[in-house]
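Subject: Structure handover

Dear colleague,

I am passing on the structure that follows, together with notes on what came out of going through it. Please read the notes with the structure open beside them.

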Amino acid sequence: MANIPLQNGTIYYYPDFYSPVESDTIFKELAEKIEWQQESIKIFGKKIPQPRLTAWYGDPGKTYTYSNLTWTPQSWIPELITIKEKVEKVARTRFNSVLLNYYRDGKDSMGWHSDDEPELGKNPVIASLSFGQKRAFHLKHRLDKTIPKVKLDLEHGSLLIMSGETQHFWQHQIPKTSRQVDGRINLTFRVIL
Ligand SMILES: O=C(O)CCC(=O)C(=O)O
Ligand SMILES: [Mn+2]
């Protein structure tokens, strides 16, 4: 486990939370069993497809709103519950929902944002699991532009935990890459209040 030093925030990185063999199995299961959606977001009245596939699973009633979309969760499947229970032990948090992202290739990405929607509460614990293609993860401070960007590679089977004030002070992104890359599945476990 590595504690990544961060001003005004807390992140922990566990590179081999799952073994490569376990991670291969989980990637395949999730690719097949999750009901992946191609959602669009409206920007200035124009519908733009998101550059990734997504899905939202969670306890009944735990809806989540972002980019003008309100998500009603799908019901937990056994594979997700098994993962959730393993993550909860390390994160010492009971999660009630998970957002899944499927980055099909290097053109799929997620732009700069913080996980700071009101339903996540003040200092949310976000537990982020990665399977498949290793991709870069960048963090930048929202206020102090002299603080250097933090750049991590999120590896197959890794767990990243963001907590404390991280979402107030930092934004994060998964940039596009021009390299030829394989698919990546990311799960972010969250507590919806
Ligand atoms: O794919 C990732 O590692 C990040 C996903 C993310 O930031 C999110 O779902 O809010
Ligand atoms: Mn995020």
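Ile34 is buried, with 21 other C-beta atoms within 10 Å, where buried stands for 20 or more other C-beta atoms within 10 Å of the residue's own, exposed for 12 or fewer, and partly exposed for counts in between, with C-beta atoms placed from the backbone. Residues up to four places away in sequence aside, Ile34 touches Ala55 and Leu100, contact being defined as C-beta atoms, placed from the backbone, that lie within 7 Å. Ile34 and Leu100 are 66 residues apart in sequence, yet their C-alpha atoms are 8.7 Å apart in space.

Before going further, please keep in mind that this is a predicted model, in which local features need pLDDT of at least 70 and side-chain atom pairs count only at pLDDT 80 or more, whereas totals for chains, interfaces and linings use all residues. Residues are numbered from 1 along each chain as its sequence is written, and chains are lettered from A and ligands numbered from 1 in the order in which they are written.

As for the overall fold, the protein has three helices and 15 strands. Its radius of gyration, taken over C-alpha atoms, is 16 Å, close to the 16 Å that the globule rule gives for 193 residues, so the protein is as compact as a globular protein of that length; the rule is 2.2 Å times the number of residues to the power 0.38. The C-alpha trace spans about 45 × 45 × 40 Å along its principal axes, and 33% of the 193 residues count as buried. Among contacts between residues at least 6 apart in sequence, 77% join residues at least 24 apart.

In soluble globular proteins, nonpolar side chains tend to be buried together. Leu129, leaving aside its neighbours within four places in sequence, is in contact with Ile83, Val87, Leu159, Asn186 and Leu187.

Turning to ligand 1, which residues are around it? They are Leu99, Asn101, Met110, Asp115, Ser128, Phe137, Leu154, His172, Ile174, Asn186 and Thr188, where a residue is included if its C-beta atom, placed from the backbone, lies within 6 Å of the molecule. This shell divides into five nonpolar, five polar and one charged, with Ala, Val, Leu, Ile, Met, Phe, Trp, Tyr, Cys and Pro counted as nonpolar, Asp, Glu, Lys and Arg as charged, and the others, Gly among them, as polar. At least two residues of the shell come from each of β8 (97–103), β14 (170–174) and β15 (184–190).

Strand β14 has a covered face, Trp170, His172 and Ile174, and an uncovered one, Gln171 and Gln173. Two bridges join β14 to β9, and the two strands run antiparallel; strands are said to pair if DSSP finds at least two bridges between them. Ile174 is the bridge partner of Met110. Gly111, in strand β9 (residues 110–113), is exposed, with 12 other C-beta atoms within 10 Å, and Gly111 and Ile174 lie 6.5 Å apart, C-alpha to C-alpha, although 63 residues separate them in sequence. Four bridges join β14 to β11, again with the strands antiparallel, and Gln173 is the bridge partner of His138.

Arg135 lies in strand β11 (residues 135–141) and counts as buried, with 24 C-beta neighbours inside 10 Å. Not counting residues up to four places away in sequence, Arg135 touches Tyr103, Leu154, Ile174 and Arg184.

Finally, Arg92, in the loop between α2 and β8, has a positive phi of about 50° although it is not a glycine, and it is exposed, with 9 other C-beta atoms within 10 Å.

Methods:
Two residues are in contact if their C-beta atoms, placed from the backbone, lie within 7 Å.
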